[in-house]
Amino acid sequence: MATLQLNGSARSNRKFLVSGAAVLAVAAAAYGLGRVYPPLGPTAGTVAPAERYVSSQIGAGDVMLGDTAIPKLMQTDAFEVMSKNPTFRALAADPNFAQLAQNSQAMAAIAANPQAFTALAANPQAFAATLSAAQAVSSAARSASAAQSQAFSAMSAHSSAFNALAAHPQAFAAIAANPSAFASFANNALAFQKAAANPSASAAMAGHAAAFKQLAVDAKAMSAIGRDSQAFAAVAANAEAFKALSANAQALAAAAKAASAFSSSARSALSSQVAAAMSQHSAAYQAMSMQPKAFAAMAGNPQAFAALAAHPKAFAAIAANANAFSRFANNASAFQKAAANPSAMSAMSANAEAFKALAADAKAMSAISANASAFSAIAANADAFASLAANAQAFNAAANAQALEAMSANAAAFRALSVNAQALSASARAAQAFNASAAAARLASQGQLNARAMQAMAAHPQAFAAMSAQPQAFAAVARNASALQLLARNANAFNSLGQVHQFQALAANPAFSAAMRNASFASSLSSS
């Protein structure tokens, strides 16, 4: 579906959606309904645990939506575009959509990857089985070790070859078990094909002779390996990670698919440099991808944002009140003075101790002073940062200093990725899916994940990955039969809207969740 274009006339007619009286009624409802978000609150098994390097995190009560949240929502480009989208308005007419939209965490994930969920929603039993498997790996899947993230980078850089090898899991397991024996084939794919056709002559292949013979006669697989035989060197360089992944054929296939998806979506960027960082901090980049304009601003000023991320309460206050801080864009010393005396500035006073700590952090202030334009970048994307700050859980995930430092170390690659919202979202989901697959393989090898769970993961890998990051949110969806029916019944509509990044931005905005609890708002949205 093509994104709708706005013009001056469209902007001047924002009021077509809701009458003035309705706006006041909804705003009043928002004051009561949206004071504290999210309704479920931070819980175990959700997006991200506290990081060691973060001094403190914002809580649901630290940022309030307030009585202006919904009027401000209605001033965003995302709302204006979607309020004129007939497919979206038709969905909004269904009361079950309002129920689903109130679950902001799940709704944001569904909006980012609708095909995975509309198909699964048609089978509630499969939905429940996938959720159960995801709950089992949720803690292990939230982040990756350095070794695992390097394996993801390697698979992404050699995606075609790894997909070919993953299609022959027994052969791959033999390669992963003895990588040094296969490293010599990195520069001689023809020699590998000859050896695989006569595996009894090779000690490293003889134990899995049938598997290697099948690989040797798979013309498509051998062609892919022949074009990129450096995959053998990549296996040897990441031996332990690939040995763990090869222990389960289903997880291996899902991981290879995720790496291929990442390679495809991030081809405009330096994917091999970005992949490791995205895997290691998948929760952070997934949260950032929900607000692509905020991501682009951070990618353009990574050092300053990394400094702010080390002081998340101060960062959240700045993000929630962008205009109040824009005046510091050309005067970093004025910001430091104000932060040292936060009671004198209303936008700082509610988080006085956080700003004092920031002012006293010489390293952070040096980074901000060197790139004070970060304040203007926040102001230029105020809607995106306000939405991010209003969701404590998403903000805490995104305000990850290590993830932002990785952006700084690979600034050109991340800037290239930031210009395409769809590619950014797909890349973040792919990294998340790889981590979930690797976690599943690890748990299965330890006897902590049964065959049924692995089958559920293999059948619906993208939904499984999203659920592993947000298990409680999807548990609420699973208990709501009407919401599942809505997804299944309107598959075409959701899949079409999934191509419109404004739909994703709106779904991730906590104010939209609060607004959809108000019958007047939902009715006006669908009937105007």
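F182 is buried, with a relative accessible area of 1%; buried here means under 20% relative accessible area, exposed over 50% and partly exposed in between, with a 1.4 Å probe and protein chains only. The model is a predicted one, in which local features need pLDDT of at least 70 and side-chain atom pairs count only at pLDDT 80 or more, while totals for chains, interfaces and linings use all residues. Residues are numbered from 1 along each chain as its sequence is written, and side-chain values use heavy atoms, with hydrogens and water left out.

The protein chain has 44 helices and zero strands. Helices (H or I, at least four residues) and strands (E, at least two) are DSSP runs, numbered from the N terminus. Of the 528 residues of the chain, 58% count as buried. Contact means heavy atoms within 4.5 Å; among contacts between residues at least 6 apart in sequence, 81% join residues at least 24 apart.

Rings of Phe, Tyr and Trp (its six-membered ring) pair if their centres lie within 6.5 Å; planes under 30 degrees apart count as stacked, over 60 as edge-to-face and the rest as tilted. The rings of F172 and F242 are edge-to-face, because their centres are 6.1 Å apart and their planes stand at 80°. This pair links distant parts of the chain, with F172 in helix 12 (residues 169-177) and F242 in helix 19 (residues 239-245), 70 residues apart. Both F172 and F242 are buried. F182 and F212, in turn, form a stacked pair, at 5.8 Å centre to centre and 10° between the planes. Since F182 lies in helix 13 (residues 179-182) and F212 in helix 16 (residues 209-216), the pair ties together parts that are 30 residues apart in sequence. F212, at 0% relative accessibility, counts as buried. Elsewhere, ring pairs link F88, F97, F494, F503 and F512 into a cluster.

A nonpolar core is a set of buried Ala, Val, Leu, Ile, Met, Phe, Trp, Tyr and Cys residues joined through side-chain atoms within 4.5 Å. Of the 187 residues in the largest one, F97, F192 and F335 touch the most other members. Helix 36 (residues 421-445) supplies the largest share of this core, 12 residues. Not counting residues up to four places away in sequence, F335 touches I318, F325, F328, M348, F355, L358, M365, I368 and F375.

The axes of helix 11 (residues 159-166) and helix 12 come within 7 Å and cross at roughly 110°; axes are lines fitted to C-alpha atoms, for helices over the stretch in contact, and angles run from 0 to 180 degrees between N-to-C directions. Helix 11 and helix 12 are therefore roughly perpendicular to each other. Angles under 35 degrees count as roughly parallel, over 145 as roughly antiparallel, 65 to 115 as roughly perpendicular and the rest as oblique. At this contact, F162, L165 and A166 in helix 11 meet P169, F172 and I175 in helix 12.

Helix 38 (residues 461-469) contains A469. This helix is largely enclosed by the rest of the structure, because eight of its nine residues are buried. Among them is A469, with a relative accessible area of 14%. The C-alpha atoms of A469 and Q286 are separated by 9.5 Å, although these residues are 183 residues apart along the chain.
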